[in-house]
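Trainee: Could we go through this structure together, one question at a time?

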Amino acid sequence: MKKVLVLNGPNLNMLGKRPQEHYGTMTLEEINALMKQENQQRFELVFYQSNHEGDLVDRIQQCLSYDAIIINPAAYTHTSVAIRDALEMFHGIKIEVHLSKVDEREEFRRKNYIRDVCTICFSGKYEGSYIEAIKYLKNSL
Ligand code: DQA
């Protein structure tokens, strides 16, 4: 079975308590459950969340043999050369995901270190962005 790493960065463990106009109302556990439902056991989904940049880099390095990564690096999207460099080494499908319309928000969120090393980006649809990522993989893996 093909393996997919679902990687979430800082503060995404607090979904449900973050501003709803940007991030919706669901918790990360609820979003993960929705993804499993959409996946219909087609891929092995491996979920990981960390608030620490190095943990996210370690996890990408450990999963270089996987078939795809769905990643929401959260605030590290706008700051992390280290996560970008780790993603660059991954040769499977790389899907950048954001709950909010990240490109239409504050100026500092327009800086994006991972966009051009990823295959595609889904953003602005709350939990729907993650569901779109699963649908994309169903069509392309
Ligand atoms: C986010 C957008 C980021 O700018 C922000 O720092 C997050 C979440 C999103 O999913 O919309 O924490 O990645």
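This is a predicted model: local features need pLDDT of at least 70, side-chain atom pairs count only at pLDDT 80 or more; totals for chains, interfaces and linings use all residues.

Trainee: How far is an oxygen atom of the ligand from a polar backbone atom of alanine 75?

Mentor: Residues are numbered from 1 along each chain as its sequence is written, and side-chain values use heavy atoms, leaving out hydrogens and water. A polar contact here is a pair of N or O atoms within 3.5 Å. For the backbone of alanine 75, the distance to a ligand oxygen is 3.2 Å.

Trainee: How much of the ligand's accessible area does the protein cover?

Mentor: Accessible areas come from the Shrake-Rupley method with a 1.4 Å probe. On its own the ligand has 320 Å². Of that, the protein covers 98%.

Trainee: Over the ring of which residue does the charged end of arginine 18 sit?

Mentor: To count, CZ of Arg or NZ of Lys must be within 6 Å of the ring centre and within 35 degrees of the ring normal. Lysine 111 does this with tyrosine 113, 5.0 Å from the ring centre. For arginine 18, the distance is 4.2 Å and the ring is that of tyrosine 23.

Terms used: A polar contact is a pair of N or O atoms within 3.5 Å; within protein, one must be able to donate a hydrogen and the other to accept it, and residues adjacent in sequence count only if both atoms are side-chain atoms.
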